[in-house]
Amino acid sequence: ALLGIAKTTIINDESKFPDSMQVKWDIDWVASKVVKYLDDNSSVSVVMTFDGEGVSGHGNHKDVCRGVRRGL
């Protein structure tokens with residue numbers, strides 16, 4: 001609300017994306033989820049994600065960033 005964002009969507013598939021420091025996520029799968037969501041929701045004008053360092057260095061956060069970049 002502070003940023004003027006009316007709606008947020010979190011794509012969460014824990015079978016493919018477990019929160020783990022030991023499991024590297026498939027960035028092509030992340031990209032495919034992002035692309036599908038954007039194809040199905042043409043009114044989306046902004047996609048926000050982690051920075052390239054995953055903010056805290058968390059590997060899954062880095063994978064999200066890479067996947068989103070690949071999908072866009």
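This is a short tour of one predicted model, stop by stop. Local features need pLDDT of at least 70, side-chain atom pairs count only at pLDDT 80 or more, and totals for chains, interfaces and linings use all residues. Residues are numbered from 1 along each chain as its sequence is written, and side-chain values use heavy atoms, with hydrogens and water left out.

**Whole chain.** Show the cartoon. The protein has three helices and zero strands, in the order α-α-α. Helices are DSSP runs of H or I, at least four residues; strands are runs of E, at least two; both are numbered from the N terminus. Along the principal axes, the C-alpha atoms fill a box of roughly 35 × 25 × 20 Å. Of the 72 residues, 21% are buried (under 20% relative accessible area; exposed is over 50%, partly exposed in between; 1.4 Å probe, protein chains only).

**Aromatic pair.** Select F17 and W25. One aromatic pair turns up in the whole structure. The ring centres of F17 and W25 lie 5.0 Å apart with planes at 50°, so the pair is tilted (centres within 6.5 Å; under 30 degrees is stacked, over 60 edge-to-face, the rest tilted; Trp counts by its six-membered ring). F17 is buried at 7% relative accessible area. W25 is buried too, at 13%.

**Charge over a ring.** Select K16 and W29. The charged end of K16 sits over the W29 ring, 4.5 Å from its centre (NZ of Lys or CZ of Arg within 6 Å of the centre and within 35 degrees of the ring normal).

**I5.** Select I5. I5 lies in the segment before α1 (27-40). I5 is partly exposed, with 35% relative accessible area.
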